[in-house]
Amino acid sequence: MSQPKPATQASAGHLLRLIRRGQAGTRGELQRVTGLSRSTVSARLDQLFRAGWVREHAGDPVADPTGGRPAVRLEFDGSHAVVLVADLETRHARAAVLDLNGEVLAEHSGRLLIDDGPVVVLDRLASWFVELLGKAGTGLGLVCGVGLSVPGPVDFGSGEIVQPPMMPGWDGFPVRAELRAALVRHGGERAAERLPVLIENDANVMAYAEQRLGFPDCSAFLLVKVGTGIGAGVVVDGEMYRGIDGGAGDIGHIRLSGFPDALCRCGSYGCLAAVASGRALAEQLTAAGVPVASGSGVRDQLAIGQPDAVRLARAAGRQVGEVLATVVTLLNPGVLVIAGDLAGPPFLTGVRELLYQRAMPRITAELQVVTGRLGDRAGLAGAGAMVVEYLYAPDRADARLAEPARVAAAAQD
């Protein structure tokens, strides 16, 4: 995707960010925060009003300490467009239509095997999206972007999935182009060919959503998802930390000593995911006489307190906690969230046991170790927030605002 020119503090995009973040909610506050003149603020707001991105509403009289006429408030209008989002897992997927404030307008979940490959999966996903738009009473013309959460490493800049152990056939595949083409096939609108499609690792978008909702003031945030595999998402100063090519947080392939026969899907032996993931526990439970096909099956056994499941989940938590002792020492986060199929008391207890035993007290003294608040919705919420933050960042917002003017000028030539 092309990179727009950086926005200045005088731009409409900059004012939009202040409004969206709650840093300024009136014309007067925008003037004070930016130092811009009244006329300049009005001109920039006119751009946002014409685009339908900002609206005005009467302020709360009670909130006015002077007792006078309340100031007219400004707010981001989250209803002017919608976002398509999907959370792909290895055997299951969720898809939804969201407004720009993250409200779910329509949602669907169902069986979708990542092993079927990108062409089959993306075609099915596009058909879901078109059906959901119909249920939401809208169409592809109002879609401003698409966000995908996937169970593998992603180079965010190129949009390519990079050597994913659990996604055969997806390495380097042109997901953006294929999904756009599938949307055109199923929706019949050529506008889908130009839709921004953002792809991100599932643990990253989950961390992004959980941090924004529950811990917005936490400057160093860590989430560990334990499902079919194991991965971590890191949010620093409100931004996802991806590493140089999307490989940050891939803790499931850290090698453990003492497990030379545990074959991982990546082809190596002794990986954390081969020992302590939902897939690994499903195999261990099956060997113990409790047939379980996947991590979700382990979750079901934990829900009824099946003794072997509880024992294995606590042991898996200890193994993950041993790795996390190093991770939290390196990152020094304020919050550690455990999410995914195994997130629950037995696993969490095991994590805490080893984490507090192995890490220095100074590192864990202020650390909160909790389970996620959003549950199965974290991936959808994070994917939606990722798209909105990307499209309405000041530089990109200004580029989008300028586009109609460029089109009109070209038409007059």
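The sulfur of C271 sits 3.7 Å from the closest cysteine sulfur, which belongs to C266, and that is too far for a bond. A disulfide needs a pair of cysteine sulfur atoms within 2.5 Å. The structure therefore holds 0 disulfides. C266 is in no disulfide either. The two cysteines can also be described by their accessibility. Buried means under 20% relative accessible area, exposed means over 50%, and partly exposed lies in between (1.4 Å probe, protein chains only). C271 has 0% relative accessibility, so it counts as buried. C266 has 34%, so it counts as partly exposed.

This is a predicted model: local features need pLDDT of at least 70, side-chain atom pairs count only at pLDDT 80 or more, and totals for chains, interfaces and linings use all residues. Residues are numbered from 1 along each chain as its sequence is written, and side-chain values use heavy atoms, with hydrogens and water left out.

Now turn to residues 14–56. An unreviewed UniProt entry annotates them as "domain: HTH iclR-type". UniProt positions are given in the numbering used here, feature names are shortened, and annotations may be inferred rather than shown by experiment. Over residues 14–56 the chain is 67% helix and 7% strand. The end C-alpha atoms are 18 Å apart. Helices (H or I, at least four residues) and strands (E, at least two) are DSSP runs, numbered from the N terminus.

Find T26 in the loop between α1 (12–20) and α2 (27–34). T26 is buried, because its relative accessible area is 8%. A polar atom of the T26 side chain lies 3.0 Å from the backbone nitrogen of E29. Contact means heavy atoms within 4.5 Å. Leaving aside neighbours within four places in sequence, T26 is in contact with A71, V72, R73 and L74.

Next comes helix α11, residues 345–358. This helix has 14 residues and reaches 20 Å from its first C-alpha to its last. That is close to the 20 Å expected at 1.5 Å a residue. The expected span is 1.5 Å times one less than the number of residues. The buried residues of α11 are P346, F347, L348, G350, V351, L354 and L355.

How confident is the predictor? pLDDT gives its confidence in each residue, from 0 to 100. The protein has a mean pLDDT of 92, and 92% of its residues reach 70 or more. Among the elements, strand β3 (residues 82–88) has the highest mean, 98. Helix α14 (residues 394–412) has the lowest, 73. Over residues 407–413 pLDDT stays under 50. For these residues the model has 0 contacts beyond four places in sequence.

Methods. Polar contact = N/O pair within 3.5 Å; in protein donor to acceptor, adjacent residues only side chain to side chain. pLDDT = per-residue confidence, 0-100.
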